Amino acid sequence: MFLRIDRLQIELPLPAEPAPNAAAALQELLGGKYGEMSTLANYLFQSFNFRSKSKLKPFYSLVANITAEELGHVELVSNGVALLNNGPGAPDDVEADISNAPFADMKDIRLAASFNGGGAMPMNSNGASWNMDFVTTTGNVIIDLLHNFHLECGARLHKLRVYETLTDPTGREVCGYLLVRGGVHAHAYALALEKLTGVDIKKLLPTPNIDLDKIPESQKYLDEGSHRRLYRFSADDYKEMAGIWQGEKALPGDPPGTLEVVDGPPTGGKIPELEGTPSAFAPDYAPEEMFEIATKLYKKSR
């Protein structure tokens with residue numbers, strides 16, 4: 001099901017400086033009820049629990065491939081959180097001054113649970129843990145797909161709210177991209193339900209009713225046609241989902257064009273190398289010493 005690649009699904013701009021409050025806001029896209037952890041877990045367990053995978057293969061293939069993409073979304077948001085927490089990195093010769101309150105921003109209540117070295121965690125912006133109560137899997141394909149449509153629409157509202165809290169380009173880029181891709185997933189589930197029931201659920205889109213042309217960070221992804229693509233994360237499997245998606249038209253309000261299935265994952269961008277936060281290591285080894293130790297161990301293993 002998964003094609004793990006050491007690349008993010010998009011290139012993220014580096015923040016000019018650490019922005020822990022923005023990182024905390026972005027955590028909502030991970031551990032909130034409508035966050036990426038929820039979409040990943042819902043689709044993952046639904047794909048495991050599919051009854052008669054062979055008879056329902058187009059719908060199983062759709063859920064399985066969206067699951068694979070959601071794993072990449074979790075990785076993308078996690079890297080956005082890490083970038084915003086750490087900033088562009090510090091030179092190797094900067095020493096940690098723990099007397100200067102380097103984690104002063106964590107007095108903010110949203111950051112109270114964030115003493116994790118500046119990385120992402122499966123929690124929302126208030127530090128409340130993500131939990132399995134956010135997962136719905138019934139064994140009934142229509143109910144599960146209807147739930148997934150609701151989940152993607154809720155996630156769209158979620159991303160818009162987080163976007164409205166941010167001014168930092170790193171976090172806004174994450175939101176802009178995920179708003180486009182979340183729209184694709186909602187559209188896909190609407191088309192799947194239409195094939196099963198005859199009900200034109202895509203008339204409910206976009207929900208909430210805000211066109212993405214109002215989101216500057218979404219524009220380049222719309223211009224390149226990302227809103228018209230589903231990705232197939234396997235060289236040989238899941239071809240059946242093309243019967244749900246391929247040949248249909250883009251939604252009104254989005255740039256026009258025919259929907260297509262693309263073999264393979266998005267091109268993506270490199271995962272940024274963080275230099276480490278000296279104060280997170282103090283009073284132990286400095287980041288550059290950890291890197292030196294790791295390099296020696298790697299050479300010894302060759």
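**The cysteines**

Begin by selecting Cys-153, which is buried, with a relative accessible area of 10%. The model is a predicted one. Next select Cys-175, whose relative accessible area is 0%, so Cys-175 is buried as well. A disulfide is a covalent bond between the sulfur atoms of two cysteines. With a cut-off of 2.5 Å between cysteine sulfur atoms, the count of disulfides in this model comes to 0.

**The whole chain**

The chain contains 9 helices and 4 strands. Read from the N terminus, the order of these elements is β-α-α-α-α-α-α-β-α-β-β-α-α.

Of the 302 residues in the chain, 48% are buried. Among contacts with a sequence separation of 6 or more, 79% are between residues 24 or more positions apart.

**Helix H4 and His-158**

Select residues 141-165, which form helix H4, and find His-158 within that helix. Is His-158 buried or exposed? The relative accessibility of His-158 is 14%, under the 20% limit, and His-158 therefore counts as buried. To see what surrounds this side chain, display Glu-28, Leu-29, Gly-32, Lys-33, Tyr-34 and Gly-35: His-158 touches each of these, leaving aside residues up to four places away in sequence.

**The loop between H5 and H6**

Move to the loop that runs between H5 and helix H6 (219-223), and select Lys-203, which is found there. Lys-203 has a relative accessibility of 70% and so counts as exposed.

Inspect the peptide bond joining Leu-205 and Pro-206: the bond is cis, with omega about -5 degrees. Then step on to Pro-208, again in the loop between H5 and H6. Here the bond from Thr-207 to Pro-208 is cis, with omega near -5 degrees.

**The largest cavity**

Which element gives the largest share of the lining? Helix H5 (residues 169-197) does, with 6 residues. By residue class, the lining consists of 11 nonpolar, 5 polar and 3 charged residues. The structure as a whole holds 5 cavities of 30 Å³ or more.

**The second largest pocket**

Clear the selection and turn to the second largest pocket, with a volume of about 210 Å³. Select Gln-9, Glu-224, Pro-266, Thr-267 and Gly-268, the closest to the centre of this pocket among its 13 lining residues. The lining is made up of 6 nonpolar, 4 polar and 3 charged residues.

The last stops concern the backbone. Most residues other than glycine have a negative phi.

Select Ser-52, in the loop between helix H2 (36-49) and helix H3 (57-86). Although Ser-52 is not a glycine, its phi is positive, at about 50 degrees. The relative accessibility of Ser-52 is 42%, so this residue counts as partly exposed.

Finally, select Tyr-238, placed in the loop between strand S2 (229-232) and helix H7 (242-245). Tyr-238 is likewise not a glycine, and its phi is positive, at about 70 degrees. How accessible is Tyr-238? Its relative accessibility is 11%, and Tyr-238 therefore counts as buried.

Definitions and conventions: Residues are numbered from 1 along each chain as its sequence is written. This is a predicted model: local features need pLDDT of at least 70, side-chain atom pairs count only at pLDDT 80 or more; totals for chains, interfaces and linings use all residues. Side-chain values use heavy atoms; hydrogens and water are left out. On a 1 Å grid over the protein atoms alone, a cavity is a set of points where a 1.4 Å probe fits but cannot get out, and a pocket is an open set with protein on both sides within 12 Å along at least five of seven lines; lining residues have an atom within 4 Å of a point. Grid points are joined across faces, edges and corners, and a volume is the space filled by probe spheres set on the points. Ala, Val, Leu, Ile, Met, Phe, Trp, Tyr, Cys and Pro count as nonpolar, Asp, Glu, Lys and Arg as charged, and the others, Gly among them, as polar. Helices (H or I, at least four residues) and strands (E, at least two) are DSSP runs, numbered from the N terminus. Buried means under 20% relative accessible area, exposed over 50%, partly exposed in between (1.4 Å probe, protein chains only). Contact means heavy atoms within 4.5 Å.
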